[in-house]
Amino acid sequence: MVEYIAHEVAVMYLGRIVEYGPVEAVLNNPPHPYTRALLSAVPQVDADQKRAILRLEGEIPSPVHPPKGCHFHPRCPEVMAVCRETYPGEIERSTRHTVRCHLYLK
Ligand code: SF4
């Protein structure tokens, strides 16, 4: 649906943008683990395009008292030590496509 009504999309977790960019880039090649989990839950009409659903473990933290570091770290399947301590800065993946995730630090 998003691809029919927008040119760009922002993905938010606990009230903060974690990925932003052109709809095509975000939907077809999402670098952020939360975006990938969200998209895996979208029902597919075409059986050939079915994706495995990425189930997130744990509870959704309180946005009033978010966890230290990356707010997604308690549920992230790719969490690293740095994620528990430091909130990730914005990283440009391509023109106008940004992500906040330590996986993409250079
Ligand atoms: S910064 Fe770490 S915890 Fe946050 S989404 Fe990236 S890998 Fe997962």
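Start by selecting strands β3 and β4 (residues 97-99), which pair in the antiparallel sense over three bridges. Strands here are DSSP runs of E of at least two residues, helices are runs of H or I of at least four, and both are numbered from the N terminus. Two strands pair if DSSP finds at least two bridges between them. The model is predicted, so local features need pLDDT of at least 70 and side-chain atom pairs count only at pLDDT 80 or more, while totals for chains, interfaces and linings use all residues. Residues are numbered from 1 along each chain as its sequence is written, and side-chain values use heavy atoms, with hydrogens and water left out.

Two residues lie between β3 and β4, and R96 in the turn has a positive phi of about 65°.

Next, select β1 (residues 8-13) and β2 (residues 16-22). These strands pair in the antiparallel sense over six bridges. Y13 has R16 in β2 as its bridge partner. This hairpin has two residues between the strands, and L14 takes a positive phi near 50°. Color β1 by face: V9, V11 and Y13 make up the covered face, whereas E8, A10 and M12 make up the uncovered one.

Now show the ligand. Which residues surround the ligand? They are H32, P33, C70, F72, H73, C76, E78, C83, C101, H102 and L103, where near means that a heavy atom of the residue lies within 4 Å. The shell divides into seven nonpolar, three polar and one charged residue. Ala, Val, Leu, Ile, Met, Phe, Trp, Tyr, Cys and Pro count as nonpolar, Asp, Glu, Lys and Arg as charged, and the others, Gly among them, as polar.

C70 is buried, with a relative accessible area of 12%, and C76 counts as buried at 14%. Buried means under 20% relative accessible area, exposed over 50%, and partly exposed in between, with a 1.4 Å probe and protein chains only. A search of the whole structure finds zero disulfides, a disulfide being a pair of cysteine sulfur atoms within 2.5 Å.

Finish at R84, in the loop between α3 (33-40) and β3 (91-94). R84 counts as partly exposed because its relative accessibility is 42%.
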